Amino acid sequence: MAPAPALHIDVPWLLQRHEEVLPEQPTINDFSALVAAVARHRVDPPRLGVDSDSAWRAAALLHTLAVLRPLPSANARFACATAVAYMYASGAGIDPPYGALVDLARDLMAGDTDVYGAADRLRSWQI
């Protein structure tokens with residue numbers, strides 16, 4: 001059986017997630033960060049010998065949004081919610097241990113892990 005085609009999102013999809021997750025924060029500080037997240041999650045392959053999958057694409061969204069900080073505040077919350085929504089929309093839900101997703105966002109923002117490490121963690125949480 002052939003793998004399912006990749007789910008590619010766009011800036012309006014990210015704006016919808018923003019509205020759902022942070023309705024009290026109507027402003028986007030940097031639209032270029034959203035454009036970068038969209039472009040990055042579409043890269044295939046992300047590096048030689050590594051196939052793109054929903055976990056890598058979600059990790060690319062999470063990493064880009066957390067590090068580039070398109071919002072005035074709550075960027076980690078937005079990035080985490082977007083990654084979860086992407087995994088769900090891709091048909092690959094996740095069930096991370098309590099606090100693990102926030103820890104992952106913190107690790108990404110601190111440079112303690114990279115997008116590939118984030119993808120590995122997301123894969124380990126798939127249900």
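At 47% relative accessibility, Asp120 counts as partly exposed, a class that lies between buried (under 20% relative accessible area) and exposed (over 50%), as computed with a 1.4 Å probe on protein chains only. The model is a predicted one, in which local features need pLDDT of at least 70 and side-chain atom pairs count only at pLDDT 80 or more, while totals for chains, interfaces and linings use all residues. Residues are numbered from 1 along each chain as its sequence is written, and side-chain values use heavy atoms, with hydrogens and water left out.

Asp120 is paired with Arg123 in a salt bridge, with an N to O distance of 2.8 Å. A salt bridge is defined here as a side-chain nitrogen of Lys or Arg within 4 Å of a carboxyl oxygen of Asp or Glu. Both residues belong to helix H6 (residues 115-124), where they are 3 residues apart, about one turn of the helix. Helices are DSSP runs of H or I with at least four residues, strands are runs of E with at least two, and both are numbered from the N terminus. Arg123 is partly exposed, at 28% relative accessibility. A network of salt bridges links Asp120 and Arg123 with Asp53.

Side chains of opposite charge can pair when their charged atoms come close. The structure holds 7 salt bridges. One of the salt bridges is formed by Arg106 and Asp103, whose closest N and O atoms are 3.7 Å apart. Arg106 and Asp103 are 3 residues apart in helix H5 (residues 100-110), so about one helical turn separates them. Arg106 is exposed, with a relative accessible area of 52%, whereas Asp103 is partly exposed at 39%.

Arg57 and Asp44 form another salt bridge, with the closest N and O atoms 3.9 Å apart. Arg57 lies in helix H3 (residues 54-68) and Asp44 in the loop between H2 and H3, so the pair ties together parts that are 13 residues apart in sequence. Arg57 counts as buried, at 4% relative accessibility. Asp44, in contrast, is exposed, with a relative accessible area of 53%.

Asp44 is also part of a backbone feature. A cis peptide bond, with omega of about 0°, joins Asp44 to Pro45. Pro45 is placed in the loop between H2 and H3. Most residues other than glycine have a negative phi, and most peptide bonds are trans. Arg69 has a positive phi of about 50° although it is not a glycine. Arg69 lies in the loop between H3 and helix H4 (75-89), and its relative accessibility of 53% makes it exposed. In the loop between H3 and H4 lies Ala74, which is not a glycine and has a positive phi near 65°. Ala74 counts as partly exposed, at 31% relative accessibility.

Two packed helices are described by the angle between their axes and the distance between the axes. The axes of helix H1 (residues 11-21) and H2 come within 9 Å and cross at roughly 115°. These axes are lines fitted to C-alpha atoms, for helices over the stretch in contact, and the angles run from 0 to 180 degrees between N-to-C directions. On the H1 side the contact is made by Val11, Leu14 and Leu15, and on the H2 side by Phe31, Leu34, Val35, Ala37 and Val38. Contact means heavy atoms within 4.5 Å.

Val38 lies in helix H2 (residues 31-41) and counts as buried, at 10% relative accessibility. Apart from neighbours within four places in sequence, Val38 is in contact with Ile9, Asp10, Val11 and Leu14. A distance of 8.9 Å separates the C-alpha atoms of Val38 and Ala60, which are 22 residues apart along the chain.

Two further buried residues were examined. Thr113, in the loop between H5 and H6, is buried with a relative accessible area of 16%. Not counting residues up to four places away in sequence, Thr113 touches Leu104, Asp107, Leu108, Ala118 and Arg121. Gly117 lies in helix H6 and is buried, with a relative accessible area of 18%. The C-alpha atoms of Gly117 and Gly99 are separated by 17 Å, the two residues being 18 apart along the chain.
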